[in-house]
Structure formats: structure tokens, C-alpha cells
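Thanks for making the time this morning. I would like to walk you through one model, going from the overall chain to the individual side chains.

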Amino acid sequence: VVGSADALGRWQPDGGLNLHTEPRTYPQWSGSVRLRTGVKVEYKFVKVLPDKSVQWEDGPNRELMPRQNGPAEPHPLRFGQ
């Protein structure tokens, strides 16, 4: 996950949030990050391919407004949707 926040690499894929999965949860991937509350974050999913090239998802940037009352509710998102 790459985005506008420092914790998401400031749009640089090599500094973004790496997601992980396990055999029992695949194809779901997950990760966690601390973001400043009250500051809108824009982000996109990217795939870093074996040859180190980067595939960005199409469409507009996704947006998230971190809240002050604890962690965000998990919600499923899909690459490109």
C-alpha cells in the first residue's frame, strides 16, 4: 500500500506498507500502520512483481480519514476495485 502519508512511503513503492498473507487466510492480505488522526490520507494498492517492476491499480486514489477513537474497522478491499 503506497500513499500520501510518511508511513505509506510518500508515493514511493519501496517505502510503502507491505501486506502479508498466510495459507489459511489466502487470498486475503493484511497489514497495519499508524496514521495521524484527522489528516486525510490518499493511497493506492500496488503489486511489486518478481522483476521489481511496480503495477499500480487503476482509478482514482483511495481516501481514508484516520479517526481518534482507536483503530479503524477492518474492511475488505480489492486491488483495482
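What you have on the screen is a predicted model, in which local features need pLDDT of at least 70 and side-chain atom pairs count only at pLDDT 80 or more, while totals for chains, interfaces and linings use all residues. Residues are numbered from 1 along each chain as its sequence is written, and side-chain values use heavy atoms, with hydrogens and water left out.

Let me start with the fold. The chain has zero helices and five strands, where helices (H or I, at least four residues) and strands (E, at least two) are DSSP runs numbered from the N terminus, and the order along the sequence is therefore β-β-β-β-β. Of the 81 residues, 21% count as buried, and by buried I mean under 20% relative accessible area, with exposed being over 50% and partly exposed in between, using a 1.4 Å probe and protein chains only. If we take contacts, meaning heavy atoms within 4.5 Å, between residues at least 6 apart in sequence, 41% of them join residues at least 24 apart.

Now to the interior. In soluble globular proteins, nonpolar side chains tend to be buried together. Here the largest nonpolar core has seven residues, namely Val1, Ala5, Leu8, Leu17, Val41, Tyr43 and Phe45; such a core is a set of buried Ala, Val, Leu, Ile, Met, Phe, Trp, Tyr and Cys residues joined through side-chain atoms within 4.5 Å. Setting aside neighbours within four places in sequence, valine 1 is in contact with Leu8, Gly16, Leu17, Leu19, Tyr43, Lys44 and Phe45.

There are two aromatic pairs, counted when ring centres of Phe, Tyr and Trp (its six-membered ring) lie within 6.5 Å, with planes under 30 degrees apart called stacked, over 60 edge-to-face and the rest tilted. One of them is the edge-to-face pair of tyrosine 43 and phenylalanine 45, at 6.1 Å centre to centre and 85 degrees between the planes, and both of these residues are buried.

Turning to charge, side chains of opposite charge can pair when their charged atoms come close. The structure holds five salt bridges, each a side-chain nitrogen of Lys or Arg within 4 Å of a carboxyl oxygen of Asp or Glu. Glutamate 57 pairs with arginine 62, the closest N and O atoms being 2.8 Å apart, and both residues are buried. Arginine 24, by contrast, counts as exposed, because its relative accessibility is 70%, and its salt bridge to glutamate 22 has closest N and O atoms 3.4 Å apart.

Lysine 40 is partly exposed, at 43% relative accessible area, and salt bridges with shared partners join Lys40, Glu42 and Glu63 into one network.
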